Amino acid sequence: MGLDIRIPLGLMFLVTGGMMAIYGFFTRGSGIYDRSLGIDINLIWGLVMFVFGLVMFMLGRRTKWQDDPVHPRPWEERPRGH
Amino acid sequence: MNLTYIDWLIMLVYFIFVLGIGFALKRYMRTSNDFFLAGRSIPAWICGLAFISANLGAQEVIGMGASGAKYGIATSHFYWIGAIPAMVFVGIFMMPFYYGSKARSVPEYLRMRFDEKTRAVNAFSFAIMTVFSSGISMYAMALLIQTLGLFKGIIPDPYVFHVSIVLSAIIVLGYIFLGGLTSAIYNEVLQFFLIVAGFAPLVFLGLKHVGGWHGIQQTLPTAFTHSWRGMAHANTNPLGVEWFGLAMGLGFVLSFGYWCTDFLVVQRAMAADSEESARRVPLIAAIPKMFFPFLVILPGLIAVSIVPKAMNKVASTQTAGITAPAPAAAADGSAAIAAPKGIIPVKTNPVTGKAVLDEKGQPVYNYDLAIPVLLLNYFPTGILGLGLTALLASFMSGMAGNVTAFNTVWTYDIYQSYIKKDGTDEHYLWMGRMATIGGIILSIAAAYAATSFNNIMDALQLVFSFVNAPLFATFLLGMFWKRTTGHGAFIGLLSGTGAALLHHGLTIPMGANPGIHGGWLSIVHTYPSDMAMNFWTAIFAFATNLIVTIVISLMTKSRPDEELVGLVYSLTPKPVEHHMRWWEKPSTLAIGVLALLVVLNLVFA
């Protein structure tokens with residue numbers, strides 16, 4: 001299939017992780033982290049997700065899915081001469 | 001529950017991506033093969049993750065967390081014994097027939113191997129089951145959203161349930177309608193990573209709080225932290241089932257019956273880009289699957305390990321329907337040993353708001369809320385949005401898996417076989433999309449049926465278990481004994497279901513009243529637990545099907561060998577593996593998976 005799943009997967013983690021990390025940065029030291037045992041879990045886990053998203057996105061971009069032909073499908077006969 | 005803008009933003013991002021994938025894939029849906037089989041062009045690792053994600057429905061995440069809290073680490077048997085060996089078997093031995101036969105669905109394989117009537121039984125029962133399963137997922141999600149008060153202050157209380165149902169239906173319908181099976185598979189991969197991302201920090205924080213695995217071992221009774229201890233007898237372990245019933249009932253009959261024959265999961269492997277990939281799919285899936293107990297069962301154990309000091313904090317958790325647990329439940333050491341409750345909330349009556357009491361006047365605990373309560377306990381705003389999104393994703397992946405399996409079986413095995421045989425490919429593609437809409441509408445109806453007739457849903461699930469229990473014997477004989485005939489398979493299947501019904505009518509679990517729990521004919525045997533009875537029902541159904549199929553097959557004429565090439569083990573050339581290096585062979589992967597499984601069982605024995 002033409003679309004490499006690692007691209008939307010990577011993008012989603014980049015956006016979500018990025019948002020969490022930024023939120024975590026601006027709320028560091030806040031009382032909301034009493035629940036998470038004093039750990040700024042938004043910043044830490046947001047960064048982990050961001051890095052994961054970046055790796056996935058880069059891996060997905062390496063494969064040029066735009067050039068991947070829709071034809072032929074595995075069950076479709078290849079035209080003679082190919 | 002107090003959610004802030006960041007929580008809502010995270011949820012919104014997820015839903016945008018889910019629907020975006022559907023839109024991006026729309027242009028590739030040119031034939032019915034693209035829509036129903038994902039063009040048989042998906043790499044093994046993607047299908048592998050979708051293979052387990054499609055199974056990650058409500059029962060998995062919420063149910064396993066609840067069982068972890070109730071029974072302890074022994075719940076992991078549902079993964080280690082109840083899934084991995086079957087996944088290895090389907091990958092190594094059965095996938096060459098499913099994929100190599102070019103069958104488009106599991107019922108179609110039954111038609112190719114046996115006959116039309118055997119396919120019809122499987123196709124109709126499967127189609128009905130998928131719709132109800134999807135409806136149950138939808139119902140459970142709406143109920144959870146209502147209980148957690150997710151839309152409190154945004155949507156008036158009486159409408160929360162309806163809005164939840166409609167929203168989830170629209171989203172699932174949107175991405176399947178646009179991108180078919182590929183869209184469902186891609187979203188299942190997204191959901192898989194999201195579930196890991198949402199639950200891994202929960203386990204980390206929980207373990208840190210309760211002193212790690214060592215802390216749990218010190219807090220909980222021994223039976224909760226050892227999966228094999230006390231398994232010699234049903235009365236000496238929390239599951240209430242002995243090792244033979246567990247290994248044969250769960251580990252063999254039920255597990256192989258589900259993972260090796262259920263089109264919901266097999267469809268994901270059939271979408272792979274080659275037969276080699278299709279064989280690797282369940283094996284790749286087995287690796288994360290065996291570690292899933294640490295994501296879904298461990299939170300249950302953590303929830304019951306939390307000491308009273310933390311409970312007080314939970315009591316102040318701002319949730320709509322969650323009542324703080326009775327302090328005596330875990331504050332008192334001896335009570336904790338008998339049945340640890342930790343932060344598990346008491347079940348409340350949604351109308352009166354009062355605690356539900358059992359016949360002894362003791363409060364009934366709502367174990368289904370083990371994971372949601374833990375999320376609220378440890379997650380501050382921000383990551384709470386991620387955790388809730390992961391929970392919603394798990395419900396949706398369960399729903400979508402059922403809907404894609406339904407639209408394929410409906411279109412190929414029912415519509416094309418019995419209603420319109422000579423339609424164009426375009427017509428079947430259109431029908432697939434209409435079946436998606438129909439499947440979602442029926443799921444909504446099933447979800448509402450569950451709200452009004454809870455017992456009817458229980459009864460239906462029971463009937464489905466009777467239909468499923470004997471199924472593996474039919475496939476086992478069909479694939480590995482060329483003498484098996486269509487008449488044998490058909491009569492064997494019906495006899496197996498009949499045996500399951502009869503067994504249920506004649507036995508009962510301890511402490512239950514005759515009725516839906518069993519014993520509605522007469523009581524000839526009492527099982528120590530519900531679980532033991534389920535496992536033994538499956539064993540009887542399987543054995544009956546096996547014997548009847550063999551006997552009838554020997555009495556009827558089998559098909560000539562040449563018609564069974566590609567469908568039966570002894571008549572099919574073995575998959576060529578010479579071009580693969582030793583570590584690329586599916587058998588190497590299978591040995592690795594089984595070795596890991598042994599290690600896990602030994603560590604947590």
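**Exercise 1. Classify B:Lys152 by its accessibility, then find its salt-bridge partner.**

Step 1. B:Lys152 has 44% relative accessibility. The classes are buried (under 20% relative accessible area), exposed (over 50%) and partly exposed in between, with a 1.4 Å probe and protein chains only. So B:Lys152 counts as partly exposed.

Step 2. A salt bridge needs a side-chain nitrogen of Lys or Arg within 4 Å of a carboxyl oxygen of Asp or Glu. B:Lys152 forms one with B:Asp157, and their closest N and O atoms are 3.1 Å apart.

Step 3. B:Asp157 has a relative accessible area of 42%, so this residue is partly exposed.

A note on the model: it is predicted, local features need pLDDT of at least 70, side-chain atom pairs count only at pLDDT 80 or more, and totals for chains, interfaces and linings use all residues. Residues are numbered from 1 along each chain as its sequence is written, chains are lettered from A in the order in which they are written, and side-chain values use heavy atoms, without hydrogens and water.

**Exercise 2. Is B:Asp115 buried or exposed, and which residue is its salt-bridge partner?**

Step 1. B:Asp115 has 17% relative accessibility, so it counts as buried.

Step 2. Its partner is B:Lys117, with the closest N and O atoms 2.6 Å apart.

Step 3. B:Lys117 has a relative accessible area of 28%, so this lysine is partly exposed.

**Exercise 3. Describe the surroundings of B:Gln416.**

Step 1. B:Gln416 lies in helix H21 of chain B; helices are DSSP runs (H or I, at least four residues), numbered from the N terminus.

Step 2. Classify it. At 18% relative accessibility, B:Gln416 is buried.

Step 3. List contacts (heavy atoms within 4.5 Å). Leaving aside neighbours within four places in sequence, B:Gln416 touches B:Arg104, B:Thr411, B:Lys421 and B:Tyr428.

Step 4. Look for a polar contact (N or O atoms within 3.5 Å; within protein, one must be able to donate a hydrogen and the other to accept it, and residues adjacent in sequence count only if both atoms are side-chain atoms). The side chains of B:Gln416 and B:Arg104 make one of 2.9 Å.

**Exercise 4. Describe the interface of chain B and chain A.**

Step 1. Count residues. Chain B gives 49 and chain A gives 33.

Step 2. Find the buried area (accessible area, 1.4 Å probe, that two parts lose on being put together, summed over both). The two chains bury about 3600 Å², with 76% of it on carbon and sulfur atoms.

Note on methods
Helix = DSSP H or I, 4+ residues; strand = E, 2+ residues; numbered from the N terminus.
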